[in-house]
Amino acid sequence: MQEFSEQNSTVIDNKKYRFYCQLKDLYRRPVFVYQSKEASPCNWRICFGWTSLHFRTYREAMDYCKRRGFTAPNGEPLP
């Protein structure tokens with residue numbers, strides 16, 4: 001999935017989460033996927049607009065993204 005990244009990860013990391021990849025929503029706005037730097041109950045975070053959602057597994061996070069119609073930055077559907 002990291003091949004989808006269009007951003008320099010050091011710019012958008014923070015102290016709790018590491019940037020993983022960037023997707024696009026239905027309106028081609030950015031959707032950011034982060035992975036927790038520490039083990040926690042919810043290791044994955046999806047951020048878009050004013051929304052920040054947390055998921056226990058990568059699969060749960062990607063399933064949510066697929067249901068919402070998010071795509072790779074080039075517009076291709078998620079695998």
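Two strands pair if DSSP finds at least two bridges between them. Helices (H or I, at least four residues) and strands (E, at least two) are DSSP runs, numbered from the N terminus.

This is a predicted model, in which local features need pLDDT of at least 70, side-chain atom pairs count only at pLDDT 80 or more, and totals for chains, interfaces and linings use all residues. Residues are numbered from 1 along each chain as its sequence is written, and side-chain values use heavy atoms, with hydrogens and water left out.

Next, select the strands. They form an open sheet in the order β1-β2-β3-β4, with antiparallel pairing. β1 and β4 (51-55) stand at the edges with a single partner strand each, so one side of each has no neighbour in the sheet.

Now display β3 and β4, which are antiparallel and joined by five bridges. Here R45 stands opposite H54 in β4.

Finally, select L23, V33, I46, M62, C65 and F70, the residues with the most contacts inside the largest nonpolar core, which has 15 residues. Such a core is a set of buried Ala, Val, Leu, Ile, Met, Phe, Trp, Tyr and Cys residues joined through side-chain atoms within 4.5 Å; buried means under 20% relative accessible area (1.4 Å probe, protein chains only). α2 gives the most to this core, with four residues. Apart from it lies another core of six residues, among them I12, Y17, F19 and Y34.

Note on methods. Buried means under 20% relative accessible area, exposed over 50%, partly exposed in between (1.4 Å probe, protein chains only).
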